[in-house]
Amino acid sequence: MTQGSGDLVQIKNVDKVFKRGSEEIHVLGGLDLTIPDGEFLALMGPSGSGKSTLLNLIGGLDRPSQGSVEVGGENIDQLSDRRLAAWRARHVGLVFQFYNLMPVLTAQKNVELPLLLTHLSRAERKKRAAIALDIVGLSHRNHHFPRTLSGGEQQRVGIARAIVTDPTLLLCDEPTGDLDRKSGDEILDLLQALNREQGKTIVMVTHDIHAAARASRTLYLNKGRLSTELEE
Amino acid sequence: MKYLYLVWSNLKRAKMRTSLTLLSIIVAFMLFGYLGAIKQAFNQGIDVAGLDRLIVRHKVSLIQLLPASYESQMEQIEGVDDAVHQTWFGGVYQKPSNFFAQLPVEPEEYLEMFPELLLTDEEKEAWFNTRTGAIAGRKTADRFGWKVGDRIPINATIWPRKGGERTWEFDLVGIYDGAEKGTDTTQFLFRFDYFDEARQNGQGLVGWYTVRIKDPERAAEVAAAIDSRFANSSSETKAEPEGAFLQGFANQVGDIGFIMMSIIAAVFFTILLVAGNTMAYAVRERTNELAVLKAIGFTDRGVMGLVLGESLVLAGLGGAVGLLLAWLLVSLGDPSNGSLPVFYIPARDFIIGTVLIAAVALVAGILPAMQAQRLRIADALRR
């Protein structure tokens, strides 16, 4: 991923419309957003405001109804499904609220999942997964299945899976939403460290002001529009 | 191969469900293999029937006898190379359930006509020189523990000896093997001259003829010439290719092939429903996980491949184990305790079995796989 002007993400005049039967639901309308490389951005807003939709558009999980989404100089809304999948595998790490780990795989194997899409050997995949687990402080739990891990530990595995391919962009959808305060703080510490020490650009959707305070910038989304201030 | 772990782990997710599905597939393929062996037994000889051989029997039925003099007359018909006769003896060895075919034949001519019966030169010589000599197929000899030199008493049910004596005694001078896997090695063959002279009645009559023709492509023409030669005689004939004769013989107990296919089709239809249901559940209950796979970079086709892979592993494992068990069961012997002339799973059925495995995997997995392929990440993650 190439970063030209120092802006990693450039969203221009994006609309997103969902259809429910004959009804059209306008979730985002004429939205513009620029995210500099290396930023830790928090996205806040009420439920249904379009935060997750915006995150999905940035991560290439969904396509805009109109407008363009450029990430690292690539117009990802123009890519075919196959190329978009390959782009996600290379450049994006995803962290989910409910961790979304495969219950049938150990922590180590969960972290290795994105590496299956690479040409790395089995030994190399294992080695990289071990390093990722080490970064999140879970190398001692690598053979544990998700059901035997606490929520905080599962989220750490989720983060390890997100960073194992060394992506530039980390997209976190309420990463502390299912955790207690202490575990949530540990996850936020980890995300901050990844941003500061490894230069990861992070976009985090959250409802939690306390979590948003860890970000370098917070934007509020309401009725499909972004602002720097929380609108009542 | 790197995805196999993922496929296998997913199959282990619901162990009970996977085990039961696997078990049903195993049973289906075991049944397929075992019934295939039974079908082969009923069609015994058809696959290895000589293309250059005709069977000539009485036009009315197989149990009506023909004159022994027909042999030389048939050999004079154009296109006929050689003719040998056989007669159904229908005796009982020790008890009626010990069934095997016993036929009085002309030894030299018979062995010449059926080169697939393998004897050593010493055994042949002994048979040609021993009036009460008999040879047995390996399967029957093994079944009863016979060895060369044994005296085999057989009680006649059709052909008593002169004076009414029903016990015939034969000296076992040879044990023949089959040149091919499908060769019948259950027969017990003894000399016609001894039989004809010693039997109480029916002298000069034989059961049916096997006729070797010079050109297999003229089989129908030669068969017609034979029937025409004996038309309007007291013993009219019906000549047909050996394969057709054996098929007709097998069909006397019903169309075995059709019966087997009906059973197998019903079983496999049920298996498709079971396996399809398992795969549909497997996909439906982890919609979210499949969406995550797509989110982290798996392509639509990749996810489709994983689901089809699960279906293939399930059907492949079940099918392979089922066929292996069928092979083991068949190797233990036929269910009639050795009276089926041949009992084995033909190689053709293993090939069909492999095709069936692929078909079951594809049919059971294709709809869930397409469902997984079409899954939209954003929608699935919201569920």
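# Pairs, bridges and an interface

Visitor: Which residue does Ala134(B) stand opposite in strand 9 of chain B?
Guide: Strands (E, at least two residues) and helices (H or I, at least four) are DSSP runs, numbered from the N terminus. Strand 6 (residues 133-137) of chain B and strand 9 of chain B run antiparallel, joined by 3 bridges. Two strands pair if DSSP finds at least two bridges between them. Opposite Ala134(B) stands Phe190(B).

Visitor: What kind of model is this?
Guide: Residues are numbered from 1 along each chain as its sequence is written, chains are lettered from A and ligands numbered from 1 in the order in which they are written, and side-chain values use heavy atoms, leaving out hydrogens and water. Local features need pLDDT of at least 70, side-chain atom pairs count only at pLDDT 80 or more, and totals for chains, interfaces and linings use all residues, since this is a predicted model.

Visitor: In which sense do strand 4 and strand 9 of chain B pair?
Guide: Pro104(B) has Phe190(B) as its bridge partner in strand 9 of chain B. Strand 4 covers residues 102-105 and strand 9 covers residues 188-191. Over 4 bridges, the sense is parallel.

Visitor: How many residues of strand 3 of chain A are buried?
Guide: Buried means under 20% relative accessible area; exposed is over 50%, and partly exposed lies in between (1.4 Å probe, protein chains only). Phe40(A), Ala42(A) and Met44(A) point one way from strand 3 of chain A, Leu41(A) and Leu43(A) the other way, and all are buried. For this strand, residues 40-44, the count is 5 of 5.

Visitor: Which residue of strand 9 of chain A stands opposite Ala42(A)?
Guide: Strand 3 of chain A runs parallel to strand 8 of chain A, with 4 bridges. There, Leu41(A) stands opposite Val203(A). Strand 3 of chain A also runs parallel to strand 9 (residues 217-222) of chain A, again with 4 bridges. In strand 9 of chain A, Ala42(A) faces Thr218(A).

Visitor: Which residue just after helix 1 of chain A takes a positive phi?
Guide: Helix 1 (residues 51-58) of chain A is mostly covered, with 7 of its 8 residues buried. Among them are Lys51(A), Leu54(A) and Ile58(A). Just after this helix, the phi of about 70° belongs to Gly60(A).

Visitor: What area is buried between chain B and chain A?
Guide: Contact means heavy atoms within 4.5 Å; 23 residues of chain B are in contact with 24 residues of chain A. Lys2(B), Tyr5(B) and Ile296(B) lose the most area in chain B, together 26% of what that side buries. Buried area is the accessible area (1.4 Å probe) that two parts lose on being put together, summed over both. Carbon and sulfur atoms give 66% of the total, which is about 2,100 Å².

Visitor: Which helix of chain B gives the most to the side that touches chain A?
Guide: The interface has 6 residue pairs in polar contact, both at pLDDT 80 or more. A polar contact is a pair of N or O atoms within 3.5 Å; within protein, one must be able to donate a hydrogen and the other to accept it, and residues adjacent in sequence count only if both atoms are side-chain atoms. On the side of chain B, helix 1 (4-11), helix 11 (287-295) and helix 14 (377-382) each supply at least two residues. With 6 residues, the one that gives the most is helix 11.

Visitor: Which residue of chain A forms a salt bridge with Arg376(B)?
Guide: A salt bridge is a side-chain nitrogen of Lys or Arg within 4 Å of a carboxyl oxygen of Asp or Glu. Between chain B and chain A the count is 1. The closest N and O atoms are 3.1 Å apart, and the partner of Arg376(B) is Asp62(A).

Visitor: How many residues apart in sequence are the parts tied together by Glu289(B) and Arg13(B)?
Guide: Glu289(B) is buried at 12%, while Arg13(B) is partly exposed at 24%. Their side chains meet in a salt bridge of 2.7 Å, N to O. Glu289(B) lies in helix 11 of chain B and Arg13(B) in the loop between helix 1 and helix 2 (15-42), so the separation is 276 residues.

Visitor: What is the relative accessibility of Arg199(B)?
Guide: Arg199(B) and Asp196(B) meet in a salt bridge of 2.4 Å, N to O. Asp196(B) is buried, at 17%. Arg199(B) also counts as buried, at 0%.
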